Amino acid sequence: MKRFWMEVSAEPEGDGWGIRLDGTPIKTPARALLALPTSSLAEAVAHEWRDVGEKVDPRAMPLTGLANAAIDRVAPARKAFVRSVAEYAQGDLLCYRADGPRPLVERQEQHWDRLLAWAQRRYDIEFVVTSGLMHVAQPLGTVERLSHAVAALDSFRLAALSPLVTIGGSLVAALAVLEQAITPEEAWDAVSIDERWQLEQWGADAEAEAVLRNRRQDFLAAARFLDLLN
């Protein structure tokens, strides 16, 4: 789509905020009104539309994309969405450790143990930690309480939590970002340990580095979306 507008504004819209292009409200791809819950998020989304060049590039508008997802995809199928995100409680990345080499094991321990300890305190739960990729069952109470934490979120927070979980592979790390127990950069450093280790060991790989860079960009955009909801 080519740019056709001159002015972009964020204005009160019902119980929330809307974005207008030359006075016309923006709608989602499913033709629903793009209504945002906070003025901070609305202004950030408006900024994305102001920065559009000759053509719209969705990759350059992650906040708009997450807002569209919250309205078009999450809200109409909330229970299924909660279920798909909460499933990560049964196989969180932080519970699966490398057998070696020792420097990698120590790096995982340094970053992952503190996140598991936070979750244990926050939700009064326990984790089973293992070495290798063989699946281990987590305690039923752990799965239930983490699932309950996900189910308590509104559609906008769910829309942002989902990429944090799927990109990083850790529901615990995503919830820590949501609750501001860890910074987004610290969370990214934690969930990307294995990939960055591989790059360190095998040398620069332009394609792998680009993939990791894009994942980091999407991860941090979702974290920013959450922050703008507060």
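I started with helix α2 (residues 62–74) and helix α10 (residues 206–229), which pack at about 70° with their axes 9 Å apart. The model is predicted: local features need pLDDT of at least 70, side-chain atom pairs pLDDT 80 or more, while totals for chains, interfaces and linings use all residues. Residues are numbered from 1 along each chain as its sequence is written, and side-chain values use heavy atoms, without hydrogens and water.

Helices here are DSSP runs (H or I, at least four residues), numbered from the N terminus. Axes are lines fitted to C-alpha atoms over the stretch in contact, with angles from 0 to 180 degrees between N-to-C directions. I noted α2 and α10 as roughly perpendicular (65 to 115 degrees).

I then listed the contact (heavy atoms within 4.5 Å). From α2 come Pro-62, Leu-63, Leu-66 and Ala-67; from α10 come Ala-221, Ala-222, Arg-224, Phe-225 and Leu-228.

Next, aromatic pairs: rings of Phe, Tyr and Trp (its six-membered ring) with centres within 6.5 Å, stacked under 30 degrees between planes, edge-to-face over 60, tilted for the rest. I got five pairs. Phe-4 and Trp-5 are edge-to-face, with centres 4.9 Å apart and planes at 85°. Phe-4 is exposed at 56% relative accessible area, whereas Trp-5 is buried at 1% (buried is under 20%, exposed over 50%, partly exposed in between; 1.4 Å probe, protein chains only). Phe-4, Trp-5 and Trp-49 form one aromatic cluster.

Phe-156 and Phe-225 are stacked, 6.3 Å centre to centre with 10° between planes. Phe-156 sits in helix α6 (residues 155–168) and Phe-225 in α10, so the pair ties together parts 69 residues apart in sequence. Both Phe-156 and Phe-225 are buried.

Conventions
Helix = DSSP H or I, 4+ residues; strand = E, 2+ residues; numbered from the N terminus. Parallel < 35°, antiparallel > 145°, perpendicular 65-115°, else oblique.
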